[in-house]
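Subject: Model for you to look at

Hi,

Here is the structure we talked about. My notes follow below it.

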Amino acid sequence: MALKVELKPNEKLIIGDCVITNADQRTRFYVSGRSPILREKDILTFETADSPAKRVYFAIQLMYLEDDVEKVQAEYFTLVNDFVRAAPSTVAIVDEVNNEILTGSLYKAMKKAKKLIEYERELLSNATTGGSSIPTDSQENS
């Protein structure tokens with residue numbers, strides 16, 4: 001079954017190792033085959049992978065685009081282990097990501113890694129606002 005892709009004006013898309021840039025109008029086309037496909041909104045570059053969770057996502061993206069888990073595997077596990085050590089509450093999400101990688105579902109692993117990015121954002125937000133959404137002992141006892 002073909003994948004239907006609709007691109008906004010000037011939106012980019014990666015199919016395999018090719019970057020496609022849409023012209024100045026909305027376009028719809030269908031893609032058949034097994035090449036990796038990524039929309040511009042799902043693409044991270046080395047420069048935009050500027051947080052631990054984004055670096056994990058970027059490593060999975062490389063696995064997906066190159067269809068080669070082993071090439072990035074050691075770096076991926078170093079990133080994930082460091083991340084879990086720093087934020088043990090991420091273990092459940094990381095386990096979901098790892099399961100998708102182990103079953104060869106790299107696109108799904110990237111989608112799960114987006115949850116990791118969002119969770120990291122929440123953790124950092126809580127840290128900068130004083131953790132207002134985390135109950136204190138006095139809030140738990142009332």
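Is Tyr64 buried or exposed? Tyr64 counts as buried, at 15% relative accessibility. Buried means under 20% relative accessible area, exposed over 50%, and partly exposed in between, with a 1.4 Å probe and protein chains only.

First, the ground rules. This is a predicted model: local features need pLDDT of at least 70, side-chain atom pairs count only at pLDDT 80 or more, and totals for chains, interfaces and linings use all residues. Residues are numbered from 1 along each chain as its sequence is written, and side-chain values use heavy atoms, with hydrogens and water left out.

Aromatic pairs

The structure holds three aromatic pairs. Rings of Phe, Tyr and Trp (its six-membered ring) pair if their centres lie within 6.5 Å; planes under 30 degrees apart count as stacked, over 60 as edge-to-face and the rest as tilted.

One of them joins Phe46 and Phe58: centres 6.4 Å apart, planes at 65 degrees, so edge-to-face. Phe46 sits in the loop between β5 (37–39) and α1 (52–66), and Phe58 in helix α1, twelve residues apart. Helices (H or I, at least four residues) and strands (E, at least two) are DSSP runs, numbered from the N terminus. Phe46 is exposed, at 65% relative accessible area. Phe58 is buried, at 16%.

Tyr64 and Tyr107 form a tilted pair, 5.8 Å centre to centre with 50 degrees between the planes. Tyr64 is in helix α1 and Tyr107 in helix α4 (residues 106–128), so the pair ties together parts 43 residues apart in sequence. Tyr107 counts as partly exposed, at 35% relative accessibility.

Helix α1

The buried residues of α1 include Ala53, Val56, Ile60 and Met63. The buried residues of α1 pack against β5, α2 (69–86), α3 (91–102) and α4, where contact means heavy atoms within 4.5 Å. Asp67 follows α1 and has a positive phi, near 50 degrees.

Pockets

The largest pocket holds about 320 Å³ of space. A pocket is an open set of points on a 1 Å grid over the protein atoms alone, where a 1.4 Å probe fits, with protein on both sides within 12 Å along at least five of seven lines; lining residues have an atom within 4 Å of a point. Volume is the space filled by probe spheres set on the points, which are joined across faces, edges and corners. Of its 13 lining residues, the closest to the centre are Leu3, Ser35, Ile37, Tyr64 and Tyr107.

The second largest pocket holds about 200 Å³. Its lining includes Tyr64, Asp67 and Tyr107.

Best wishes
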